[in-house]
Amino acid sequence: MAEGIADSVGRESGFRPAAWNPDDKGSPSGGYYQHHATRLTGLQNFAADQGKSWTDPNMQNQFAL
């Protein structure tokens, strides 16, 4: 399972936690997992609630889990 997740992260973001696609089907996607639209907003809010940046790799992994 971990190998599959790592493979997806590599494809989606090239293992760059600040990866950004400003126009992914009409709205931005960002991060390791290229969270899109409401999921990106959820990640940003999740990180902000903890006083962290949404680009923090640990925040992205915790949010994904």
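# Reading the labels on a predicted model

In this predicted model, the protein carries 5 positive and 7 negative side chains, and the centres of the two sets lie 1 Å apart.

User: What makes the protein as compact as a globular protein of its length?

Analyst: The elements run α-β-β-β-α-α from the N terminus on, which amounts to three helices and three strands. The radius of gyration of the protein is 11 Å, close to the 11 Å that the globule rule gives for 65 residues, so the protein is as compact as a globular protein of that length. Along its principal axes, the C-alpha trace spans about 30 × 25 × 15 Å.

User: Why does Ser 13 count as buried?

Analyst: Buried means under 20% relative accessible area, and Ser 13 has 2% relative accessibility, so Ser 13 counts as buried. Ser 13 is found in helix H1, which covers residues 2-13, and, not counting residues up to four places away in sequence, Ser 13 touches Ala 19, Gly 31, Tyr 32 and Gln 34. Of the 65 residues of the protein, 25% count as buried.

User: Why is Gln 50 called partly exposed?

Analyst: The label covers values between the cut-offs of 20% and 50%; Gln 50 has 40% relative accessibility and therefore counts as partly exposed. Gln 50 has its place in the loop between H2 and helix H3 (57-64), and, leaving aside neighbours within four places in sequence, Gln 50 is in contact with Met 59 and Gln 62.

User: What makes Leu 40, Leu 43, Ala 47, Trp 54 and Met 59 a nonpolar core?

Analyst: A set of this kind must consist of buried residues of listed types, among them Ala, Leu, Met and Trp, joined through side-chain atoms within 4.5 Å; these five residues form the largest nonpolar core. The largest share of this core, three residues, comes from helix H2 (residues 38-49). In soluble globular proteins, nonpolar side chains tend to be buried together.

User: Which residues is Leu 40 in contact with, leaving aside its neighbours within four places in sequence?

Analyst: Leu 40 is in contact with Trp 20, Pro 28, Ser 29, Gly 30, His 35 and Trp 54, and Trp 54 is also one of the residues of the largest nonpolar core.

Technical notes. Residues are numbered from 1 along each chain as its sequence is written. This is a predicted model: local features need pLDDT of at least 70, side-chain atom pairs count only at pLDDT 80 or more; totals for chains, interfaces and linings use all residues. Side-chain values use heavy atoms; hydrogens and water are left out. Buried means under 20% relative accessible area, exposed over 50%, partly exposed in between (1.4 Å probe, protein chains only). Helices (H or I, at least four residues) and strands (E, at least two) are DSSP runs, numbered from the N terminus. Contact means heavy atoms within 4.5 Å. The radius of gyration is taken over C-alpha atoms; the globule rule is 2.2 Å times the number of residues to the power 0.38. Lys and Arg count as positive and Asp and Glu as negative; His and the chain ends are not counted. The place of a charge is taken as NZ of Lys, CZ of Arg, CG of Asp or CD of Glu.
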